[in-house]
Every structure is written in structure tokens, then in C-alpha cells.
Amino acid sequence: AIIAAIAIPNLLNAKMAGNEAAAVSSLRTLSTVCEQSRNRDLTGAYPADLAELGTENYIDSTFAAAIASTSAKSGYFFTYSVDGSTWSCKASPASTSDGGLYFMVDQSGVIYKSDSDLAVDALTGVGTGVWNPIQ
């Protein structure tokens, strides 16, 4: 029982750290493929949604479908939005046991983190927290 009391919290923390690293990796991939898709588009437009990137085989079907907590990829779901020549995508944990941080990337390619879902969105300016750059 003593060993379990020590090991279980460590395993849960390792799972959360793995999920957070996977979310950052997914956002890094998204940043690259959004630019590739835009460069190949005849009108120079960013993709309308993650499903379009999945259809064009830029991302896998699991990532393309991870748009709600019920269809999360590695414990995170993704909220993608495009507004003309800008886009952003926020990665949110599906539950508090899946991750403790929120991540965001936009057309600049800079990945940000926040400990709150209420952080200020770079495109809309909505929120009460702060996004801190990590990469």
C-alpha cells in the first residue's frame, strides 16, 4: 500500500506530462501544415478547419477529429479558428487528469502556454489571463 501511494501519483503526473508534450507536438505540426496547405492553395487561404487538413492528408484522422473533449487526442482537444490571413489553434485538456496546461499557436508559429482557459486569445483579445511563449 505504501509503494502504491508513492507510485500512483508519479504515474499520473507522468501521464499528464506526456499528454502536454503530445499537445505541443501536435501544435508544432499544425503550424507547419497550415503553411504548407496555404502555399498549395490557389487562393493562398489557410485551411478552414482541422477536417480539411485531414482530408488533404496533412494530419491524421485522430488529430482532425479531436475537436471536442469526447474525441480528444492524447488527452487534448483542439479549437481551430481562421480569420482571413490569420489563424489560431488552442489545445485544451479533456479533463483535469489529462493535463494542467492550455497551449496555443497561431500563424506566427510561436507556441504559447497558459494555466487558465481564460487566457487572452492573440486573435480575439478575449480573456483574462496571459499566454506565455514556450517555443
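Start by selecting Lys-73, which you will find in the loop between α3 and β1. Keep in mind as you go that this is a predicted model.

Now show what surrounds Lys-73. Leaving out residues up to four places away in sequence, Lys-73 touches Ser-26, Asp-60, Thr-62, Phe-63, Ala-66 and Phe-78. Pick out Ser-26 from that group: its side chain and that of Lys-73 are joined by a polar contact of 3.4 Å.

Phe-78, one of the residues touching Lys-73, takes us to the next stop. The largest nonpolar core has 23 residues, and Leu-27, Leu-30 and Phe-78 touch the most other members. Colour the elements that give two or more residues to this core: α1, α2 (50-55), α3 (61-65), β1 (76-83), β2 (86-93) and β3 (102-106). Which element gives the most to this core? That is α1, with 6 residues. As background, nonpolar side chains tend to be buried together in soluble globular proteins.

Next, centre on Leu-30. Setting aside neighbours within four places in sequence, Leu-30 is in contact with Leu-50, Leu-53, Phe-63, Tyr-80, Trp-87 and Cys-89.

For the last stop, select Ser-31, in helix α1 (residues 2-40). Is Ser-31 buried or exposed? Ser-31 counts as buried because its relative accessibility is 13%, and the cut-off for buried is under 20%. Not counting residues up to four places away in sequence, Ser-31 touches Trp-87, Val-105, Asp-106 and Gly-109.

Key
Residues numbered from 1 in each chain as written. Predicted model: local features only at pLDDT ≥ 70, side-chain atom pairs only at ≥ 80, totals over all residues. Heavy atoms only, no water. Helix = DSSP H or I, 4+ residues; strand = E, 2+ residues; numbered from the N terminus. Buried < 20%, exposed > 50% of the residue type's maximum accessible area, 1.4 Å probe, protein only. Contact = heavy atoms within 4.5 Å. Core = buried A, V, L, I, M, F, W, Y, C linked by side-chain atoms within 4.5 Å. Polar contact = N/O pair within 3.5 Å; in protein donor to acceptor, adjacent residues only side chain to side chain.
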